[in-house]
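Okay, everyone, let me put this one up on the screen. I'll talk through a helix pair and then some aromatic rings.

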Amino acid sequence: MMVFTTAALAQTADGGLFQTPLTGSVASWIVRTFGLLTVLSLAPGILVMVTSFPRFIIAFSILRTGIGLQSAPANMILVSLALFMTFYVMAPTFDKAWETGVSPLLEDQIDEEEAIKRIAEPFRDFMLANTRPKDIALFVDLAIEQGQQTETDEKIDMRVLVPAFMISEIRRGFEIGFLVVLPFLVIDLVVATITMAMGMMMLPPTAISLPFKILFFVLIDGWNLLVGSLVRSFI
């Protein structure tokens with residue numbers, strides 16, 4: 001019985017991620033586990049803040065509004081498409097963050113602090129390449145006015161870079177959305193002019209223009225053009 005009990009305890013003590021280590025600092029293990037759970041819980045917000053997701057979802061939403069459809073494609077389809085396009089665009093950044101930060105951490109080659117710096121560096125390069133200098137200058141000036149730090153290790157602090165990147169992405173999303181919705185606006189104006197000239201004032205112009213807008217978008221292979229333009233818009 002003692003032999004079997006000892007073997008069972010040994011198997012349990014071999015431990016996984018959430019089991020208390022038999023050696024080393026328990027406090028360090030607690031901090032590491034808490035940090036991992038925090039990152040996992042904030043993953044959706046981090047995805048929105050430091051990736052290409054905002055530009056995609058804004059452009060798709062404006063496209064649906066410009067066509068005049070309320071629920072087609074469904075929100076789940078648009079979000080899923082934007083999510084997978086984000087993974088496609090961000091694949092080199094994710095791979096570099098894994099190779100330089102996550103993988104050495106899992107192999108106990110570096111500590112948590114160094115891993116965070118290495119993981120953040122590829123995302124910093126991506127955001128710097130896709131953020132307008134004007135937006136960076138805005139948040140740098142605001143940070144200086146409030147007495148906050150603007151640089152860390154001679155690099156722009158993430159607290160300054162992330163909001164600058166987000167407003168740059170929102171601006172570009174609306175720019176692309178404007179170009180997308182403009183042809184549909186022309187179709188609405190033409191249909192409205194024709195219906196008014198024919199005296200059909202009681203007939204909503206959108207009821208007639210909707211099939212033409214869908215047909216127009218399909219004939220020009222709109223999804224291919226839009227997705228290709230969005231992907232090529234990233235540096």
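So, V89, M90, T93, F94, K96, A97, T100, G101, V102, P104 and L105 in α5 meet E112, A115, R118, I119, P122, F123, D125 and F126 in α6, where contact means heavy atoms within 4.5 Å. By class, that contact has twelve nonpolar, three polar and four charged residues; Ala, Val, Leu, Ile, Met, Phe, Trp, Tyr, Cys and Pro count as nonpolar, Asp, Glu, Lys and Arg as charged, and the others, Gly among them, as polar.

A quick word on the source: this is a predicted model, where local features need pLDDT of at least 70, side-chain atom pairs count only at pLDDT 80 or more, and totals for chains, interfaces and linings use all residues. Numbering runs from 1 along each chain as its sequence is written, and side-chain values use heavy atoms, leaving out hydrogens and water.

Now the rings. How many aromatic pairs does a search of the whole structure find? Ten, counting rings of Phe, Tyr and Trp (its six-membered ring) with centres within 6.5 Å; planes under 30 degrees apart are stacked, over 60 edge-to-face, the rest tilted.

Take F84 and F87: the centres are 6.4 Å apart and the planes at 80°, so that's edge-to-face. Both sit in helix α5, three residues apart, about one turn of the helix. F84 is exposed at 58% relative accessible area, while F87 is partly exposed at 38% (buried is under 20%, exposed over 50%, partly exposed in between, with a 1.4 Å probe and protein chains only).

Then there's F184 with F217, 6.1 Å between centres and planes at 50°, so tilted. F184 is buried at 2%, and F217 is buried at 9%.

Technical notes:
Helices (H or I, at least four residues) and strands (E, at least two) are DSSP runs, numbered from the N terminus.
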